[in-house]
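Subject: Structure for you to look at

Hello,

Here is the structure I said I would pass on. Please open it first, then read my notes below with the model beside you.

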Amino acid sequence: MNTRAHTVRSSVAVSGTALLLAAAGLGLAPAASAAEPQPPVLAVDTAAPAEVGLAGLPVDFTTKVSNTGTTDASSARLTYRIDGGAGLPPNAVGLEYRLDGTEWKKVPLTYAGGTFSGEMPETFPLAAGRDRTVRLRIGVPMGTPHNGDGNGGTERLKLTTLVSYGASGAATDTDDDTIEVDGLGTALSGVPATATAGGPAVGFQATVANPTASGYENVTDTLITSKYASVQVLRSGTWETLTPVTSDAEADVYGFDVIGKDASLAAHSSTVVKVRVGYREDTPAGKTTLRSCVFVNQGSVPFRGTTFCGNEATLTVLAAGSAGGTPTPAPTAPATRTPSATPAPSASTEAPSATSGTTSGTSGASSRLAETGSNGTSTIAAVAGALVLAGAGALGFAALRRRRTRA
């Protein structure tokens with residue numbers, strides 16, 4: 001009995017001590033927690049552009065970083081991943097930022113497996129409860145000025161933004177965006193069904209359209225035809241005869257730069273030029289074709305660069321003497337470079353509704369693919385098509401050897 005009572009009293013004493021220790025522990029816990037610093041809580045929101053132009057100039061966008069926590073971040077870091085698929089060459093994408101001031105600075109990008117990755121070189125502090133917006137711009141230049149990539153392309157980019165702090169690099173938040181990629185369109189409209197060898201020149205219009213949010217520089221729109229043709233364009237009310245351009249690799253194919261060399265196009269604009277073509281009296285009778293191709297960042301070698309071609313137009317050359325008219329003078333000796341320095345026509349505010357596109361023949365540059373060019377394979381052989389006269393002789397032939405890489 002005494003033993004049992006003692007046991008009960010001991011149990012009660014132990015229980016009481018445990019309760020006191022538990023109470024003391026509960027009282028100390030908040031103080032211990034308050035002493036531990038909480039990490040910054042960073043969130044990121046990128047307002048990416050809806051579209052950019054293949055081989056065009058970069059388009060602006062912003063990234064907003066917010067510190068939603070209670071601790072200041074001494075160094076917020078931004079990292080970007082840009083996935084365009086395996087169809088893009090390593091120099092296809094560019095990313096720039098502007099943290100302070102007016103100077104645009106490059107984000108160094110590495111390329112592996114179709115993905116470009118890079119961290120913004122500068123970090124910035126961000127106090128608790130505050131946010132900061134960084135200005136950036138992204139483009140798909142497809143090479144460098146006057147050295148445009150001739151192969152590759154993509155229909156869209158997946159842009160991933162990652163934010164982190166300190167030296168660890170662990171992302172605290174990510175943001176994913178999709179950017180559509182489009183390109184220039186070119187078209188010929190109003191091409192007549194027939195022309196007479198040695199007769200009057202026939203007229204039509206050539207249009208270059210930029211449906212994208214990118215501006216374009218170093219744009220050369222070339223009418224591709226044969227050695228029998230003479231081409232004029234209407235500039236400032238006067239018909240100007242163009243000097244043909246040829247390539248050593250394609251001696252029988254002539255090009256005429258109808259808007260001049262290295263023209264510029266604003267975003268969402270187009271330019272239209274009136275053209276007329278005549279054929280020499282010794283032109284063989286039969287069908288021939290005309291095609292308009294746009295070369296962006298063409299260098300010293302003709303028909304090389306990032307290339308967009310429209311649908312070809314077909315007309316029939318009638319034999320000399322079958323219709324009246326003044327003989328068309330033969331074109332001057334071909335040049336290896338575009339000689340005209342005449343300023344390009346001013347761009348209109350809207351892209352035309354006429355069908356235009358790449359060699360696929362779809363509206364705009366819907367395939368978003370650059371044609372063969374700077375890698376050494378002939379662009380004209382890839383895009384000019386067969387410039388053949390059925391009947392007495394050939395105007396010239398370029399085999400269709402299209403090499404295109406789809407993302």
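**A hairpin, and what surrounds it**

In the hairpin made by strand 7 and strand 8, 2 residues sit between the strands, and Gly 113 there has a positive phi near 60 degrees. Strands here, like helices, are DSSP runs numbered from the N terminus (strands are E, at least two residues; helices are H or I, at least four).

Before going on, two notes on the source. This is a predicted model, in which local features need pLDDT of at least 70 and side-chain atom pairs count only at pLDDT 80 or more, while totals for chains, interfaces and linings use all residues. Residues are numbered from 1 along each chain as its sequence is written, and side-chain values use heavy atoms, with hydrogens and water left out.

**Strand 8 and its partners**

Strand 7 (residues 110-112) pairs with strand 8 in the antiparallel sense over 3 bridges; two strands pair if DSSP finds at least two bridges between them. Thr 110 has Ser 117 of strand 8 as its bridge partner. Strand 8 also pairs with strand 4, again in the antiparallel sense, over 5 bridges. Here Asp 83 is bridged to Thr 115 in strand 8.

Buried means under 20% relative accessible area, exposed over 50%, and partly exposed in between (1.4 Å probe, protein chains only). In a regular strand the side chains alternate between the two faces of the sheet.

Phe 116 has a relative accessibility of 1%, so Phe 116 counts as buried. Leaving out residues up to four places away in sequence, Phe 116 touches several residues, including Tyr 80, Ile 82, Leu 88, Pro 90, Val 93 and Leu 109. Contact means heavy atoms within 4.5 Å. Phe 116 and Gly 94 are 22 residues apart along the chain, and their C-alpha atoms are separated by 9.2 Å.

**Ser 75 in strand 4**

Ser 75 lies in strand 4. Its relative accessible area is 15%, so Ser 75 is buried. Among the residues that Ser 75 touches, not counting those up to four places away in sequence, are Phe 124, Pro 125, Ser 164 and Tyr 165. From C-alpha to C-alpha, Ser 75 and Ser 164 are 8.5 Å apart, although 89 residues separate them in sequence.

**The cores**

A nonpolar core is a set of buried Ala, Val, Leu, Ile, Met, Phe, Trp, Tyr and Cys residues joined through side-chain atoms within 4.5 Å. The largest one has 66 residues, and those with the most contacts inside it are Leu 78, Leu 223, Val 258, Val 275 and Tyr 279. Strand 4 (residues 73-83) gives the largest share of this core, 5 residues. Apart from it lies another core, of 7 residues, among them Val 245, Val 253, Phe 303 and Cys 309.

**The disulfide**

How many disulfides does a search of the whole structure find? The search finds 1, a disulfide being a pair of cysteine sulfur atoms within 2.5 Å. Cys 293 and Cys 309 form it, with their sulfur atoms 1.9 Å apart. Cys 293 lies in strand 26 (residues 286-296) and Cys 309 in strand 27 (residues 306-309), so the pair ties together parts that are 16 residues apart in sequence. The torsion about the S-S bond is about 110 degrees, so the disulfide is right-handed. Cys 293 is buried at 0% relative accessibility, and Cys 309 is buried with a relative accessible area of 0%.

Regards
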